Amino acid sequence: MFGASNASIVGLARFGAGVVGQAFALRFSASFRDAAVVHANTSRSGLYGALACVGTRKPLVVHLRDMVDEPSLGRIGLLLFRRLVLPRANAIIGNSRSTMESAVKWSGKGAVVTVIPSPAGIDARMSQSLINDRVESIAMVARIDPWKGQRLLIEAFADVFKGTKVRLRLAGAPAFGHGEFYEELKCLVTKLGIEGNVDFLGHVSNVKEVIAAADICVQASIRPEPLGQNVLQYLAAGKPTIVANEGGPTEWVYHDKNGLHFIARDRESLASVMRQLSSDTRLRRRLARGTQQFQLVPTDSEVTQRHGVLFHAIGKYNRLTGNSENVIPDLTFDERYGIPRWTIT
């Protein structure tokens with residue numbers, strides 16, 4: 001968020017100059033000239049791409065991996081995204097319906113919008129997961145960040161498992177200057193008297209091993225998660241999974257079918273769900289089977305194929321003539337927003 005101080009004004013000016021400079025460099029590059037489609041793969045590159053495409057007929061595809069809101073983009077970033085990037089996009093890819101919901105009202109007339117989950121390092125889905133009779137390990141895979149919910153999970157874990165041999169394994173390192181929060185979490189563990197139960201694993205090179213060793217996996221973000229790639233990894237591994245009842249994870253975890261929901265940001269609710277799942281082996285086995293029966297997680301190869309189909313189609317799409325129905329198959333009309341929506345099945 002940008003304030004009114006001289007320092008923030010200078011910072012904003014530098015940011016703006018940098019964006020314009022990158023846009024010009026892109027516009028006059030050989031890659032841009034030869035491209036059939038311009039793909040903005042991050043929020044910042046969306047600004048470059050939108051500016052570079054002004055006055056051209058280059059199709060612009062904007063890829064959304066974060067919610068289009070102030071906590072994710074900041075006040076200035078949100079304004080620019082709503083006014084400049086989304087209205088210019090010929091196509092918008094959201095990593096979840098929740099992400100798309102936060103953006104679609106600002107998309108331009110005739111824009112094609114679709115939901116394709118981001119790749120999560122999944123090369124195959126487990127056909128069957130071994131479920132132990134006793135819970136010995138609970139895991140969360142997420143960078144150490146206040147909004148990812150490590151504090152909430154630690155507190156709820158202490159409520160249920162303090163004085164037991166059950167371990168909480170937190171895989172992820174602090175990022176974006178959150179080293180202080182990491183130290184706060186370690187102090188919290190000591191204060192709660194569970195230092196013998198909690199493992200801070202830091203950055204792990206093989207996430208699959210951490211997930212495979214867990215009896216229960218948890219996502220506990222304290223604001224709506226756009227997708228939750230960790231959740232896709234949990235489900236692909238066939239693990240009983242607990243998620244907050246909002247955002248992208250709920251599009252993959254069906255309560256009491258292939259996982260359980262808890263009330264977002266509610267320590268008591270999370271503790272209650274962990275207690276229920278850890279004490280009921282039959283429930284854990286049923287939910288593990290459910291990961292192979294409900295909303296199968298796509299492999300990275302399948303995600304790549306979906307992107308390929310979209311890029312091939314949008315490369316032929318002419319936004320100025322509005323002939324999208326003649327080019328892109330299975331285009332339907334979304335009554336809620338009054339714009340075309342293409343859903344890949």
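1. Basis. The model is predicted, and local features need pLDDT of at least 70, side-chain atom pairs count only at pLDDT 80 or more, and totals for chains, interfaces and linings use all residues. Residues are numbered from 1 along each chain as its sequence is written, and side-chain values use heavy atoms, with hydrogens and water left out.

2. Aromatic pairs. The whole structure holds four aromatic pairs (ring centres of Phe, Tyr or Trp, the latter by its six-membered ring, within 6.5 Å; planes under 30 degrees apart are stacked, over 60 edge-to-face, the rest tilted). One of them joins Phe-157 and Phe-161, which is tilted because the centres are 5.0 Å apart and the planes at 40°. Both Phe-157 and Phe-161 are buried (under 20% relative accessible area; exposed is over 50%, partly exposed in between; 1.4 Å probe, protein chains only).

3. A second pair. Tyr-182 and Phe-200 pair edge-to-face, with 5.5 Å between centres and 90° between planes. Phe-200 has a relative accessible area of 21%, so it is partly exposed.

4. Charges over rings. The charged end of Arg-223 lies over the ring of Trp-147, 4.1 Å from its centre, and that of Lys-58 over the ring of Phe-32, at 5.6 Å (NZ of Lys or CZ of Arg within 6 Å of the ring centre and within 35 degrees of the ring normal).

5. Gly-121. Apart from neighbours within four places in sequence, Gly-121 contacts Lys-208 and Asp-300 (heavy atoms within 4.5 Å). Gly-121 is partly exposed, at 43% relative accessible area.
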